[in-house]
Amino acid sequence: MKNHDLKYVLKLELMQSLRSTWFWSYSILFGGFVAIMFALGITESQVIGFLGLGRLMITFMQVCIVVLPIYILITTVRSIVGDRETHVMEYFLSLPISFSSYLLGKFISRYIEIFTPVFLALTGAVLWGMFQGIDVPWDLFALYVVLLAVLTFCFLGIGMMISVKANTQTHAIGSAFILWLLLVALLDIILMGAMLKLRISPELVIGFGMINPLQVFRTGVLVLFDPSLTVMGAASYYILDTVGRGIFITFSIIYPLLLGFLFLWLSLRSFKNNDVV
Amino acid sequence: MNTTDNILIEAQHLTKMFKNATVIDDLSIAFGGGERISLSGPNGAGKTTLMRCILGQYLYQGKLSVLGQNPRKHHLEIMRNVGFVPQLAPPLKMTIQELIGFFVQLTDRHSEDFTRIAEKMGLQIQPNLRKPFYKLSGGMKQKLLVAFALGRDPKILLMDEPAANLDPAARMIFFDYLQNYNPQALMILCSHRMNEIAGIINRNIEMDLGKVVLDQKINQTLN
């Protein structure tokens with residue numbers, strides 16, 4: 001018998017998600033956000049160098065920085081531990097489904113569910129812009145799609161790890177929230193404040209910034225604009241000034257991807273080497 | 001019946017601990033093809049833990065072989081030959097139609113293999129096809145889970161209180177079905193209602209504090 005269990009788990013997970021309220025609310029949130037930005041004429045305004053579709057895209061990405069990581073964490077951390085608590089996992093793992101297919105099926109389906117609405121919203125904005133005769137910054141669009149793809153991958157990996165390790169859903173959600181607060185705290189503003197107040201060396205601040213996937217994403221989003229723009233934020237400016245644009249773009253894609261793979265591998269390892277129910 | 005070449009499950013010095021609590025204590029036992037076993041005992045005796053070890057869901061100390069293989073290392077291969085009915089029905093969100101489709105694909109069986117058994121126990125499949133599983137009544141869920149386990153025609157059947165939610169008519173059909181099930185298969189039934197399963201079983205095992213305290217063969221012709 002051929003081993004197609006991953007395919008069937010994935011299909012089942014996707015079917016379940018398409019029926020869930022959270023998936024449609026989340027899709028409407030991002031789609032609606034783009035529509036509102038168009039309706040408010042954001043593409044026609046010009047603020048400190050940003051204009052046209054580029055301005056809309058960067059605003060969209062700023063929203064993603066705030067919403068996407070915490071959304072991914074909160075929804076993903078409940079998946080494995082939730083199935084364990086409700087005996088769904090006990091049942092599924094009594095079927096011819098391997099441990100890795102079960103976990104990977106959940107991971108891949110969540111990736112599709114989370115990335116697709118964001119990608120469609122961004123693509124929709126580009127198509128609508130083209131229809132209205134606005135110039136499309138294709139290089140920016142391509143970079144943003146890749147950044148969103150790797151950000152989703154990274155936080156899904158982290159979320160899976162928390163979900164595999166947590167004993168209860170409450171514990172998992174609490175851990176996800178603390179992690180998110182920590183990552184937000186290690187963004188630009190607080191880092192620079194700490195540098196001035198505690199006389200921390202700039203290298204240490206950059207080091208913290210570079211290991212924080214949120215900061216890497218934020219800097220990556222702004223990297224194609226003029227690096228002297230004040231909107232960039234102090235740490236981003238410093239990072240870019242130190243490592244250069246080309247290197248940073250490569251880093252902002254590869255680092256979250258590696259982080260995502262690392263956490264996914266650790267979750268798989270932990271899942272396969274411990275009691276699963 | 002239980003000859004060495006017919007052994008489907010064998011535990012040697014099997015021990016399962018949760019932190020400092022020993023739930024299965026140095027258990028050595030073998031279950032063979034053709035055996036219909038009643039596994040009973042008070043709450044916390046280790047019945048469900050033993051089932052979960054057999055299903056490869058728990059790590060353990062000692063040796064455990066299911067169909068000649070380690071249930072942790074060869075989980076997928078073993079589960080192709082194991083049917084399981086849990087005590088608590090999982091709150092699955094998919095519809096009956098999707099669930100049947102899933103089982104058909106996963107187990108390479110026909111949908112009739114499952115629907116025939118469910119309908120025999122009184123569950124009307126057609127009018128309920130679009131209903132999510134978790135919205136069904138307890139009895140309907142149990143009938144479907146039984147159908148999914150039996151319809152795969154497994155070599156090993158593990159059932160944890162499988163008839164608890166069934167109505168009397170469905171219960172009779174279910175036990176009748178078990179009585180006529182593949183005589184080469186191994187059946188392990190966890191149940192507190194001994195009178196109900198007395199006519200089916202040919203071995204009675206009682207557990208307490210992680211150990212077997214009673215293991216007796218039952219001659220069905222005398223029974």
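This is a predicted model: local features need pLDDT of at least 70, side-chain atom pairs count only at pLDDT 80 or more; totals for chains, interfaces and linings use all residues.
**Exercise 1. Get to know chain A**

Work out how many helices and strands chain A has, and explain why chain A can be called as compact as a globular protein of its length.

*Solution.* 
- Step 1: Start by counting. Chain A holds 12 helices and 2 strands.
- Step 2: Now walk along the sequence. The order is α-α-β-β-α-α-α-α-α-α-α-α-α-α.
- Step 3: Next comes the radius of gyration, which is 20 Å for chain A; the globule rule gives 19 Å for 277 residues, and these values are close, so chain A is as compact as a globular protein of that length.
- Step 4: Check burial and contacts. Of the 277 residues in chain A, 38% are buried. Take the contacts in chain A between residues at least 6 apart in sequence: 80% of them join residues at least 24 apart.

**Exercise 2. A helix pair in chain A**

Decide how α3(A) and α7(A) are oriented to each other, and list the residues that meet.

*Solution.* 
- Step 1: Know what to look for. Two packed helices are described by the angle and the distance between their axes.
- Step 2: Find the helices. In chain A, α3 covers residues 52–85 and α7 covers residues 169–185; their axes come within 8 Å and cross at roughly 160 degrees.
- Step 3: Apply the cut-off. Angles over 145 degrees count as roughly antiparallel, and α3(A) and α7(A) are therefore roughly antiparallel to each other. Their crossing is right-handed.
- Step 4: List the partners. From α3(A) come A:Pro69, A:Ile70, A:Leu73, A:Ile74, A:Val77, A:Arg78, A:Val81, A:Gly82 and A:Glu85, and they meet A:Gln169, A:Ala172, A:Ile173, A:Ala176, A:Leu179 and A:Trp180 in α7(A).
- Step 5: Sort them by class. This contact has 11 nonpolar, 2 polar and 2 charged residues.

**Exercise 3. A helix pair in chain B**

Now decide how α4(B) and α5(B) are oriented to each other.

*Solution.* 
- Step 1: In chain B, α4 is residues 111–120 and α5 is residues 138–150; the two axes come within 8 Å and cross at roughly 140 degrees.
- Step 2: Roughly antiparallel needs an angle over 145 degrees. α4(B) and α5(B) are therefore oblique to each other, and the crossing is right-handed.
- Step 3: On the α4(B) side you find B:Phe114, B:Ile117 and B:Ala118, which meet B:Lys143, B:Leu144, B:Val146, B:Ala147, B:Phe148 and B:Leu150 in α5(B).
- Step 4: By class, that makes 8 nonpolar, no polar and 1 charged residues.

**Exercise 4. Buried or partly exposed?**

*Solution.* 
- Step 1: The cut-off for buried is 20 or more other C-beta atoms within 10 Å.
- Step 2: B:Asp160 sits in strand β6 (residues 156–160) of chain B. Beyond four places in sequence, its contacts are B:Thr48, B:Met51, B:Val85, B:Pro86, B:Gln87 and B:Cys190.
- Step 3: B:Tyr60 is in the loop between α1 (47–54) and β4 (61–66) of chain B.
- Step 4: A:Leu240 belongs to helix α11 (residues 234–243) of chain A.

**Exercise 5. Where the chains touch**

Find which element of chain B gives the largest share of the side that touches chain A.

*Solution.* 
- Step 1: The contact uses 24 residues from chain B and 23 residues from chain A.
- Step 2: In chain B, α2 (75–79), β5 (82–85) and α3 (96–107) each supply at least two residues of the side that touches chain A.
- Step 3: The largest share, 5 residues, comes from α3(B).
- Step 4: By class, this side of chain B has 15 nonpolar, 4 polar and 5 charged residues.

Methods:
Residues are numbered from 1 along each chain as its sequence is written. Chains are lettered from A and ligands numbered from 1 in the order in which they are written. Axes are lines fitted to C-alpha atoms, for helices over the stretch in contact, and angles run from 0 to 180 degrees between N-to-C directions. Helices (H or I, at least four residues) and strands (E, at least two) are DSSP runs, numbered from the N terminus. Angles under 35 degrees count as roughly parallel, over 145 as roughly antiparallel, 65 to 115 as roughly perpendicular and the rest as oblique. A crossing is left-handed if the near helix is turned anticlockwise from the far one by less than a right angle, and right-handed if clockwise. Two residues are in contact if their C-beta atoms, placed from the backbone, lie within 7 Å. Ala, Val, Leu, Ile, Met, Phe, Trp, Tyr, Cys and Pro count as nonpolar, Asp, Glu, Lys and Arg as charged, and the others, Gly among them, as polar. The radius of gyration is taken over C-alpha atoms; the globule rule is 2.2 Å times the number of residues to the power 0.38. A residue is buried if 20 or more other C-beta atoms lie within 10 Å of its own, exposed if 12 or fewer, and partly exposed in between; C-beta atoms are placed from the backbone.
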